[in-house]
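Could you walk me through this structure?

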Amino acid sequence: MTRHRISTLLLAILASSAMWAQPEPKNWTTADDHRNMMEQLGIKALRPGPSGNEKAPNHANYDETTANPFPDYPEVLRLKNGKPVTTADEWWKLRRPEIVEDFSREVLGRVPPNAPKITWTVTKTENSTVGPFPVVAKLLTGHADNSACPSISVDIQLVVVTPAWAKKPVPVMMMFGRAALPSEPLPANFARFAAMAGTDPPSTVQLIGAGWGYAGLNPTSVQADNGAGLTKGIIGLVNKGQPRKPDDWGSLRAWAWGAARALDYLETDSAVDARRVGIEGVSRYGKAALVTMAFDTRFAVVLIGSSGEGGAKPHRRNFGEAVENLTGSGEYHWMAGNFLKYGASEAASGSRNAGDIP
């Protein structure tokens, strides 16, 4: 046997043994994953969050006189060494990176350096209408490179709709939610919410009528909206199906990352003015829209609706939802694992609360 053939055979053996050495992806429940993160952090018990039921003994507070138990906020325009920030250059180069690091480590989690490349493919193009307006609609799939873990596939769902009469690139509002062509019927649950808007035309009709386009991004095609999905989706793909570490990204950061990858595509679409792309979301997707804009400065504007705790509402405020709502098993997956520390009533490192968040 030649030396070349021996080398090739050895490489093949090493590659196959590496595949054998990969642990099987975890198929956990939300309870399994939540318990694992508590164990990683040495947390034995969490405080319950306030209830939305006004008759419950632990009902949410809406009394302004008791809403601010932590009146002293960290100063936004002061470096951690105490030096005041007095110029835009100091903000961008010194203070903003400090805040980004705190949010990444303690609140939202880090986007890993090995996040996979996304390859966008237009799977269908149609001439259609949105309300009375003619449009060109494109359905796209963004496939994540899963060569490092073939058992987990991530295909991001995106639709881009622009006015058919536009002679130049148009501004676009990206919206978290449904990624469907205009010709597809509205599901019953979406129709129910649309009816609540009253007589106003749908946002998509208003955007097209104003000469804008819109992009619908399905966030759950990036990452599931539950703790059981953390060993799957884009987070699971990067971790090869294994549980998160405490500073790994949660679903909010993953959804924001998916929106940024959709903007990567829009920058290549000649129908879109990529310098004027906004991001929009309501409730949990309002949180995700805020995170998107905060971390990716390419987005020109953000429109946030009812984002609540974990969104535009300050953590250091006893009003409505609280930090403890986000550390329970129903919502912890939105955040970094480290965020659980601030809802802990019993932990190896001691009890912490919203006032301890950096």
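Here is a tour of the sheet, a helix and the salt bridges.

This is a predicted model, where local features need pLDDT of at least 70, side-chain atom pairs count only at pLDDT 80 or more, and totals for chains, interfaces and linings use all residues. Residues are numbered from 1 along each chain as its sequence is written, and side-chain values use heavy atoms, leaving out hydrogens and water.

Let's begin with the sheet. Seven strands make an open, mixed sheet in the order S2-S3-S4-S6-S5-S7-S8; strands pair if DSSP finds at least two bridges between them. Strands (E, at least two residues) and helices (H or I, at least four) are DSSP runs, numbered from the N terminus. Inside the sheet, S4 (residues 155-163) and S6 (residues 213-217) are antiparallel partners over four bridges, and Val161 has Tyr214 in S6 as its bridge partner.

Next comes helix H7, residues 251-266. Of its 16 residues, 15 are buried, so H7 is largely enclosed by the rest of the structure. Buried means under 20% relative accessible area, exposed over 50%, and partly exposed in between (1.4 Å probe, protein chains only).

Finally, the whole structure has 24 salt bridges, each a side-chain nitrogen of Lys or Arg within 4 Å of a carboxyl oxygen of Asp or Glu. Three of them are set out here:

| Salt bridge | Closest N to O |
|---|---|
| Lys83 and Glu90 | 3.4 Å |
| Arg110 and Glu101 | 2.8 Å |

Asp273 is buried at 9% relative accessible area, while Arg276 is partly exposed at 43%.

Conventions
The expected span of a helix is 1.5 Å times one less than its number of residues.
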